[in-house]
Amino acid sequence: GLVTETGMRTEIGKIAKSLNIEEAGLTQLQITLGTIANVISIIVLVLVALIFLVSLRLRVNDPADPCVQDDTSCFVQKSLLRALFCAVGAIPETLQPACMLLLVVG
């Protein structure tokens with residue numbers, strides 16, 4: 001026979017090329033983990049906003065570094081820090097157990 005093509009241009013090369021192509025889609029586990037992360041993030045954002053508003057409205061004071069009763073900017077700053085600390089603590093603590101539960105249950 002006469003050889004007209006070599007390497008990846010042969011029929012066997014075309015088959016090898018089609019086997020090397022990977023699908024770019026996400027797996028079901030990645031989709032589920034993304035959904036869980038989104039739900040947790042929304043819940044945390046709502047709770048953080050609620051903590052900020054309650055702390056500011058009730059003028060929760062820090063005994064270690066108290067604000068003067070009529071200093072609104074101090075209460076805003078303290079409430080914002082309190083809410084951000086809660087947000088930082090909530091995301092890593094809740095995401096790992098949710099992922100582990102998902103992997104265990106399947």
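## Basis of the model

Helices (H or I, at least four residues) and strands (E, at least two) are DSSP runs, numbered from the N terminus. This is a predicted model: local features need pLDDT of at least 70, side-chain atom pairs count only at pLDDT 80 or more, and totals for chains, interfaces and linings use all residues. Residues are numbered from 1 along each chain as its sequence is written, and side-chain values use heavy atoms, with hydrogens and water left out.

## Overall fold

The chain has three helices and zero strands. Along the sequence the pattern reads α-α-α. Helix α2 covers 28-57, and helix α3 covers residues 72-105.

The radius of gyration is 27 Å, whereas a compact globule of 106 residues would have one near 13 Å. That radius is taken over C-alpha atoms, and the globule rule is 2.2 Å times the number of residues to the power 0.38. Along the principal axes, the C-alpha atoms fill a box of roughly 95 × 30 × 20 Å.

## Surface, burial and charge

Of the 106 residues in the chain, 12% are buried. Buried means under 20% relative accessible area, exposed means over 50%, and partly exposed lies in between (1.4 Å probe, protein chains only). The chain exposes about 8500 Å², and carbon and sulfur atoms supply 68% of that area. Accessible areas come from the Shrake-Rupley method with a 1.4 Å probe; for residues, only the protein chains shown count as cover.

Take contacts in the chain between residues at least 6 apart in sequence: 53% of them join residues at least 24 apart. Contact means heavy atoms within 4.5 Å.

The chain carries 7 positive and 9 negative charges, and their mean positions are 4 Å apart. Lys and Arg count as positive and Asp and Glu as negative; His and the chain ends are not counted. Each charge is placed at NZ of Lys, CZ of Arg, CG of Asp or CD of Glu.

## Cysteines

A search of the whole structure finds one disulfide. The term covers a pair of cysteine sulfur atoms within 2.5 Å. Cys67 is joined to Cys74, with an S to S distance of 2.0 Å. The disulfide is left-handed because the torsion about the S-S bond of Cys67 and Cys74 is about -65°. Both Cys67 and Cys74 are buried.

Cys86 is a separate case. The closest cysteine sulfur to that of Cys86 is in Cys67, and at 16 Å it is too far for a bond. Cys86 is partly exposed, at a relative accessible area of 34%.

Lys78 is found in helix α3. Lys78 counts as buried because its relative accessibility is 14%. Beyond its neighbours within four places in sequence, Lys78 is in contact with Asp62, Asp65 and Cys67. Cys67 is also a partner in the disulfide.

Ser79 lies in helix α3 too. Its relative accessible area is 0%, so Ser79 is buried. With neighbours within four places in sequence left aside, Ser79 is in contact with Phe52, Ser55 and Leu56. Val60 is 19 residues from Ser79 along the chain, and their C-alpha atoms are separated by 7.8 Å.

## Arg59 in the loop

Arg59 is found in the loop between α2 and α3. Arg59 has a positive phi of about 50°, although it is not a glycine. Most residues other than glycine have a negative phi. Arg59 counts as partly exposed, at 31% relative accessibility.
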